[in-house]
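Before reading on, please take a moment with the sequence and the model shown here.

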Amino acid sequence: MGRTALLVFVQVPEILSIIYIRMPTMQQDTLRRVLLEAVSVLALYHPGAVIDSLLQKQLPMDSGTVELWRVLGRKFFVQQLLRALMEKLERSGNDQPRSSSAEAEADDGQAALEPLKITRAIGEVVSTQQTLEAVQRLLPELLPVLLKQISATLGKEMPFSQVSTRGKLFLKGHTSDDNPCRLSLETLEVVLRTSLEEKWLRLLRKQGAWAALEDPRAHHDGVCLLTGVLLRAGTVSLPVVLVLTQWLEAPSSNLRVMAAAFFAELMKDPAAQARRCLQPVLGALVEKARDPSSTVRQMAARGLGNAVSGAPEKLRKRKGAVLAALRRGLEDASAEVVAESLLALAKVVDELRGKAVGSAFKDIARATRAFFDAACQGALRLCAPLLELRRVRQGIAVGTRLSAAELQDAVCSLLAQESREHQQRLYVAARRCFLEGCAELRAAALDVAGVLVEHAGTEWLPGPEATLLAAALRALRGDGDARVQQAAARLLRDSGLEGAAGAAEPQ
């Protein structure tokens, strides 16, 4: 470092520190403008030193720091300033390995805060722009940088060990700075507000895109909503696509999820295909159908289904690979992946008009049936919190590892131990299904009645009802389905009704 550069490095922070200290007491407009003009002149000749000095300020930014960033946004060459901040954000690295020593942990904490400070600074600089053009020109660079920052902060907490006590009290519940992902999202929102028409921002708010983007469980859907609006606004360019293509192979699962969700939505757009944005994407989504992250696999399946709209010719050329990827998705351990693969297959098979499906149809149908058996199980668990019966609700909640059959048995046994009214209602619901057209439904109804009899006996059944049940079971022993025959014979034996008098026809 030369003598002049070293002098600047030492003097600029000192000068800024003096100005910063004087700002709260300098209320006279003329003198305050002189101070702020001095910062602008200093930044004009020594931009790097000024930026570095301002980034040394703690989060949350106080009003003085915010004002200085906004002064630079109004007075400074905004593109040069934003590019410098973007380069710093790219270099800051949110996924650096963490050390174990106390001193190293302090350094790591400061390193974790740096990208948040830069992100906030970008938002303050952009907020000063009065026209769309300045930020629009930088949007192809700003979008990937901010999306990457959102991905890096998703689900993370503020490193409070590096924030002063006063700052902690201020952060808690008073500003978005206590949530690093929300801070990143708010900066993106400021960027879009200064580069898009208001109708697109209204659409994002109406769709709930910002809340979804902040929620790790719904983040992928938020990315799809955001991408859809950006596509309609015409702001998705080839440079953005090329950057996000690289993220599909990133070590960070969050980045892969974001990229896969982005391309899942992009595959809908025929205009993107016309601009050759989708050239390498279909093959990449086929590969991502094997990703370790279930959410990436889900988004890959969604993208392959959406190719029917955006890239039908490419879909037909790679129909074998696409069908194979979606068929694997039907056997996935994640119900979300299976559901997404089914939806995608419905679109793809319709587009192909049955061609190239061939013998795969039986495998698809078998996997579909298995999925719906387990979807019913998921629906029961989703509805469990709404049940009034506490024991049944708790039984469903703790039975997460039970198979569908085991869960059915557990729930029916709990219901059978409830009041006489619940026993009667469960029995009546089961008996109605004894003569249904579907053999599997008849067998399942008999199993439910069997659980009820096992736990509650038959003494609570009125005499005529017991006679009717015995007659129904004798009739079902001659059913055309072996499973129904066996279930009826077993229930007739276990209930003690085999010798019941009467031959009444089942109702």
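The pLDDT is the predictor's confidence in each residue, given on a scale from 0 to 100. In this protein the mean pLDDT is 79, and 78% of the residues reach 70 or more. This is a predicted model, in which local features need a pLDDT of at least 70 and side-chain atom pairs count only at pLDDT 80 or more, whereas totals for chains, interfaces and linings use all residues. Residues are numbered from 1 along each chain as its sequence is written, and side-chain values use heavy atoms, with hydrogens and water left out.

The protein has 27 helices and zero strands, where helices (H or I, at least four residues) and strands (E, at least two) are DSSP runs numbered from the N terminus. Among these elements, the mean pLDDT is lowest in helix 8, residues 165-171, at 46, and highest in helix 14, at 96. Over residues 164-174 the pLDDT stays under 50, and the model gives this stretch 15 contacts beyond four places in sequence, a contact being heavy atoms within 4.5 Å. The pLDDT is also below 50 over residues 501-507, a stretch that has twelve contacts in the model beyond near neighbours in sequence.

Of the 507 residues in the protein, 48% are buried; here buried means under 20% relative accessible area, exposed means over 50%, and partly exposed lies in between (1.4 Å probe, protein chains only). The protein exposes about 25,900 Å², and carbon and sulfur atoms supply 54% of that area; accessible areas come from the Shrake-Rupley method with a 1.4 Å probe, and for residues only the protein chains shown count as cover. When contacts are taken between residues at least 6 apart in sequence, 69% of them join residues at least 24 apart.

Where is empty space left inside a model? Rolling a probe the size of a water molecule over the atoms shows where empty space is left. A cavity is a set of points, on a 1 Å grid over the protein atoms alone, where a 1.4 Å probe fits but cannot get out, and its lining residues have an atom within 4 Å of a point. Grid points are joined across faces, edges and corners, and a volume is the space filled by probe spheres set on the points. The structure holds two cavities of 30 Å³ or more.

The largest cavity has a volume of about 60 Å³, and the residues that line it include Leu143, Leu213, Val223, Thr227, Val240, Met258 and Phe262. Two or more lining residues come from each of helix 7 (132-153), helix 12 (219-232), helix 13 (238-247) and helix 14 (253-266), and helix 12 gives the most, with four residues. By class this lining has ten nonpolar residues, one polar residue and no charged residues, where Ala, Val, Leu, Ile, Met, Phe, Trp, Tyr, Cys and Pro count as nonpolar, Asp, Glu, Lys and Arg as charged, and the others, Gly among them, as polar.

The second largest cavity holds about 40 Å³ of space, and it is lined by Ala289, Arg297, Ala301, Ala325, Leu326, Gly329, Val337 and Ser341. The elements that give two or more residues to this lining are helix 17 (294-310), helix 19 (319-329) and helix 20 (335-352), with helix 19 giving the most, three residues. Its residues divide into five nonpolar, two polar and one charged.

Some single residues complete the picture. Histidine 220 has its place in helix 12 and counts as buried because its relative accessibility is 9%; leaving aside neighbours within four places in sequence, histidine 220 is in contact with Val257, Ala261, Thr295, Gln298 and Met299. Leucine 85, found in helix 5 (residues 78-92), is buried as well, with a relative accessible area of 0%, and beyond its neighbours within four places in sequence it is in contact with Ile51, Trp69, Ile118, Ala121, Ile122 and Val125.

Lysine 347 lies in helix 20 and is partly exposed, with a relative accessible area of 39%. The C-alpha atoms of lysine 347 and valine 308 are separated by 6.7 Å, although the two residues are 39 apart along the chain. Glutamate 454, in helix 25 (residues 439-456), counts as exposed because its relative accessibility is 60%.

Conventions:
On a 1 Å grid over the protein atoms alone, a cavity is a set of points where a 1.4 Å probe fits but cannot get out, and a pocket is an open set with protein on both sides within 12 Å along at least five of seven lines; lining residues have an atom within 4 Å of a point.
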